2 protein chains.
Amino acid sequence: MKISLGVKNCLYPMLTTLIGANVNEKPNYITIAHVGIMTLQSISLGMGKSHYTNAGIKENGTFSVNIPSVDMVKQTDYCGIVSGKKVNKAKLFETFYGKLKTAPMIKECPINMECKLVQTVDFPQHDVFIGEVIETHCDERYLTEGVVDFSKVRPILFVMNDRSYWELGERLAKAWNIGNELKSD
Amino acid sequence: MKISLGVKNCLYPMLTTLIGANVNEKPNYITIAHVGIMTLQSISLGMGKSHYTNAGIKENGTFSVNIPSVDMVKQTDYCGIVSGKKVNKAKLFETFYGKLKTAPMIKECPINMECKLVQTVDFPQHDVFIGEVIETHCDERYLTEGVVDFSKVRPILFVMNDRSYWELGERLAKAWNIGNELKSD
């Protein structure tokens, strides 16, 4: 039987990312799982306005999206607990830069995307940054036949409802394929 | 060793949803996995402008987000393959309406969120609809101690890179918690 839960966002799990930005010319990382895809190459970050990182994204017009693996869950959670105002979180990781020069990336993360800020959607308490992917970096060992293999990446998924991180499970079916069985023509 | 993949969106897996809208006063559903969270209660849908559903969302200013379970993977994929222009996809499901009256929801999906359209971000080939959650419906059997339990929901995750659906795995750790071990104070 259906019951009403009131206003309860259940759009989970969401992918847990580490967002990189230079703030006051130093690399800083923050954990964000309120992300999204807008178009094939555009990514959104929903970030509370009180965060230290927002000013760096606005100043440089660039940021990075780093995808940590489950073996980095402690460092990932830590970057969501402590603020760059007080702690140098970049010392946890090895930082590298790519094409954009001002979007610091985390070498230990399997995947890194450099993004150019293209638009900011203003909410009362949140900046939603929309970025366009400019370049993607990946460790070769996470590829299978040239394609990113998420069973090797082992990303960290986030669920707000139980305030927990989750693992990815097994591959289930091919998209734009398994539904063909229901076609009547 | 890091290699460059060019411009490759790797913000996956993403949650696979069935978006409901009345189009020409009839319920219609479309599969969308390019979703996102903007603020705690705001959800985004990145939808190609050619889709049949977009006009209905604009006309009514409402839509629903339905979260299918892995046992609905065929129906879910089918709703992403065929267009509502040609096929009445609503006949696959039992439809119900809630508070908003014009946002059709799928009874068979474990979770349904009614959303009010609050903003549209215009891209050349995509409408990004931003909705505010107005009411959430859930089957009681997907709750554990009153909280939505995603190990019971068994959502369908989507990866564009390998064009596949994936299952959710195991709970890994508590958020805002496991990272405390790295605090030095």
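## Confidence in the model

pLDDT is the predictor's confidence in each residue, on a scale from 0 to 100. This structure is a predicted model. Chain A has a mean pLDDT of 97. In that chain, 99% of the residues reach 70 or more.

## Where the two chains meet

Start with the contact between the chains. Chain A gives 96 residues to it, and chain B gives 96 residues. The area buried between chain A and chain B is about 8,800 Å². Carbon and sulfur atoms supply 67% of that area. Which residues of chain A lose the most area to chain B? They are Lys2(A), Ile37(A) and Trp176(A). Together these three account for 10% of what the chain A side buries.

Polar links cross the interface too. There are 48 residue pairs in polar contact between chain A and chain B, counting pairs with both residues at pLDDT 80 or more. On the side of chain A that touches chain B, strand β15 (residues 164–174) of chain A gives the largest share, with 11 residues. That side of chain A divides into 54 nonpolar, 25 polar and 17 charged residues.

## Salt bridges

Side chains of opposite charge can pair when their charged atoms come close. Over all chains, the whole structure holds 16 salt bridges. Between chain A and chain B the count is six.

Take two examples. Lys2(B) forms a salt bridge with Asp139(A), and their closest N and O atoms are 3.1 Å apart. Asp162(B) and Arg171(A) also meet through their side chains in a salt bridge, at 3.0 Å from N to O. Asp162(B) sits in the loop between β14 (157–159) and β15 (164–174) of chain B, while Arg171(A) is in strand β15 of chain A, so this pair joins two chains.

## A sheet built from both chains

Strands of a sheet pair through backbone hydrogen bonds, either parallel or antiparallel. One open sheet here has six strands. Their order is β2(A)-β14(A)-β15(A)-β15(B)-β14(B)-β2(B), and the pairing is antiparallel. Why is one side of each β2 strand left without a neighbour in the sheet? The β2 strands (14–15) of chain A and chain B stand at the edges and have a single partner strand each, so one side of each stays without a neighbour.

Now look at one pair in this sheet. Strand β14 (residues 157–159) of chain A is joined to β15(A) by three bridges, and the two run antiparallel. Phe158(A) has Tyr165(A) as its bridge partner in β15(A).

Another strand pair also crosses between the chains. Four bridges link strand β1 (residues 2–6) of chain A with strand β11 (residues 126–139) of chain B. These strands run antiparallel. The partner of Ile3(A) in β11(B) is Cys138(B).

## Strand pairs within chain A

Strand β10 (residues 111–122) of chain A pairs with strand β7 (residues 62–67) of chain A through six bridges. They run antiparallel. Here Asn66(A) has Asn112(A) as its bridge partner in β10(A).

β10(A) also pairs with strand β11 (residues 126–139) of chain A. This antiparallel pair has 11 bridges. What do β10(A) and β11(A) form, and how many residues lie between them? The two strands form a hairpin, with three residues between them.

Most residues other than glycine have a negative phi, and most peptide bonds are trans. Some places in this model depart from that pattern. A cis peptide bond, with omega about 0°, joins Tyr12(A) and Pro13(A). Pro13(A) is in the loop between β1 and β2 of chain A. In chain B, a cis peptide bond joins Tyr12(B) and Pro13(B), again with omega about 0°. Pro13(B) lies in the loop between β1 (2–6) and β2 of chain B.

Is the phi of Arg163(A) positive or negative? The phi of Arg163(A) is positive, near 50°, in a residue other than glycine. Arg163(A) lies in the loop between β14 and β15 of chain A.

Key
Residues numbered from 1 in each chain as written. Chains lettered and ligands numbered in written order. Heavy atoms only, no water. Contact = heavy atoms within 4.5 Å. Buried area = accessible area lost by both parts, 1.4 Å probe. Salt bridge = Lys/Arg side-chain N within 4 Å of Asp/Glu carboxyl O. Polar contact = N/O pair within 3.5 Å; in protein donor to acceptor, adjacent residues only side chain to side chain. Nonpolar A, V, L, I, M, F, W, Y, C, P; charged D, E, K, R; others polar. Pairing = 2+ DSSP bridges.
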